[in-house]
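Subject: Structure for you to look at

Hello,

Please find the structure below, followed by notes on what was found in it. Keep the viewer open while you read.

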Amino acid sequence: MSAPPPMIITAAMVGAEVTRKDTPYLPITAEEIAEDAAKCREAGAAMVHIHVRNPDGTPSQDTELFRAAIRAIRKKCDILIQTSTGGAVGMSAEERCGPLKLTGGDRPDMATLTTGTVNFGEEVFWNPRPLVREIAARIKAIGLRPEIECFDAGMIDEANVLAKAGLIELPAHYDFVLGVPGGLGARPEALDFLRASIPEGSTWTCAAMARHQLPFVELAAVRGGNARVGLEDNIYLSKGVLAKGNWELVVEAVKRARAHGREIATPEQAREILRLT
Ligand code: KMH
Ligand code: ZN
């Protein structure tokens, strides 16, 4: 059997839900995001998944805040930048598409696309089909490939429907988001079912929540996939010990991936693996 490709480590740095009360290490400003992103790159991350925040720390999908963050990151390093179109629960499609208004040198390298509705803690991450089609069309219009966010198995089937409608291309890249309360649980057999369900030639990343994050880096490493770590999904390096930044979670992820014999992808290799333009 041939060796798996280098493993892509993504740092989900900011999110929309974690606050400075949860962890003082959450980056909020463009400068803070860029500084942590550069350290993530140094530690081995090939990509960052970013949200942005207003100066008071509340979640935003504002185009100009994304522009500032993207410029600040690119000034410091060559890490790939994936912007969220999920935003925060309750945001409109228009609001969520804020980063997709960035073109030319400020265009992100990739954007997320959630293909179905899911309970999200005590709330609902609302993704009705017309909204999903609209976001998919807008990602396509600026020439990006989406990362299909799968909080549940049916979201893979829905991606097939979008492909039939010409809104995304297959094979695609999927992110299996496991362990969100209300979504699919972080169980190894769930991961195995999902990866067996995606179209031939597709690529996948696993983003497991909270205490599952680092163990699932190892499962992904063994299964030849990729992994996402970071403060959006988990603020702890170990039980009761806060990670001192996204970079510290990347350091640990890289260590665990290497222990399972995986090489770590550079941004250039990740661009090729993910077929990004
Ligand atoms: N904040 C969640 C409601 C994404 O970035 O595409 C949605 C989310 C997904 O984080
Ligand atoms: Zn996100």
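**Overall build**

A compact globule of 277 residues would have a radius of gyration near 19 Å, and the chain has 17 Å, which agrees. Please keep in mind that this is a predicted model. Along its principal axes, the C-alpha trace spans about 50 × 40 × 40 Å. The chain contains nine helices and 14 strands.

Of the 277 residues, 55% are buried. Take the contacts between residues at least 6 apart in sequence: 72% of them join residues at least 24 apart. The accessible surface comes to about 11,700 Å², and carbon and sulfur atoms account for 53% of that surface. As for charge, there are 32 positive and 36 negative side chains, and the centres of the two sets lie 2 Å apart.

**The zinc ion**

Which protein atoms are the donors of the zinc ion (ligand 2)? They are NE2 of His49, NE2 of His51 and OE of Glu232, at 2.1 to 2.2 Å from the ion. Along the chain, these donors follow the spacing H-x1-H-x180-E. His51 and Glu232 link distant parts of the chain, being 181 residues apart. His51 sits in the loop between β2 (47-50) and β3 (52-53), while Glu232 sits in the loop between β12 (226-229) and β13 (236-238). Both His51 and Glu232 are buried.

**The loop between β11 and α7**

Ala210 lies in the loop between β11 (203-208) and α7 (213-222). Its phi is positive, about 50°, although Ala210 is not a glycine. Ala210 has a relative accessibility of 40%, so it counts as partly exposed.

His212 is placed in the loop between β11 and α7 as well. Its relative accessible area is 21%, which makes His212 partly exposed; the cut-off for buried is under 20%. His212 and Asp233 are 21 residues apart in sequence, and their C-alpha atoms are 9.6 Å apart in space.

**A helix residue**

Is Glu252 buried or exposed? Glu252 is buried, because its relative accessible area is 15% and buried means under 20%. Glu252 belongs to helix α8, which covers residues 246-259. Leaving out residues up to four places away in sequence, Glu252 touches Leu214 and Leu237. From Glu252 to Ile50 there are 202 residues in sequence and 20 Å in space, C-alpha to C-alpha.

**The two ends of the chain**

Pro5 is in the segment before β1 (9-12). With 42% relative accessibility, Pro5 counts as partly exposed. Residues up to four places away in sequence aside, Pro5 touches Arg262 and Ile273. Pro5 and Glu268 are 263 residues apart in sequence, yet 13 Å apart in space, C-alpha to C-alpha.

Arg275 lies in the segment after α9 (267-273). Arg275 has a positive phi, near 55°, in a residue other than glycine. At 39% relative accessibility, Arg275 is partly exposed.

**A cis bond and one more loop**

Which two residues does a cis peptide bond join? The bond joins Leu170 and Pro171, with omega at about -5°. Pro171 is in the loop between α5 (154-164) and β10 (173-178).

Lys101 is in the loop between α3 (93-96) and β6 (110-114). Lys101 is partly exposed, with a relative accessible area of 45%. Apart from residues up to four places away in sequence, Lys101 touches Thr63, Glu94 and Arg138. Lys101 and Thr205 are 104 residues apart along the chain, and their C-alpha atoms are separated by 26 Å.

Regards

Definitions and conventions
Residues numbered from 1 in each chain as written. Chains lettered and ligands numbered in written order. Predicted model: local features only at pLDDT ≥ 70, side-chain atom pairs only at ≥ 80, totals over all residues. Heavy atoms only, no water. Helix = DSSP H or I, 4+ residues; strand = E, 2+ residues; numbered from the N terminus. Rg over C-alpha atoms; globule rule 2.2 N^0.38 Å. Buried < 20%, exposed > 50% of the residue type's maximum accessible area, 1.4 Å probe, protein only. Contact = heavy atoms within 4.5 Å. Areas by Shrake-Rupley, 256 points an atom, 1.4 Å probe, with all protein chains shown as cover. Lys, Arg positive; Asp, Glu negative; His and termini not counted. Charge placed at Lys NZ, Arg CZ, Asp CG, Glu CD. Donors = N, O, S within 2.8 Å, 3.2 Å for Na, K, Ca; no water.
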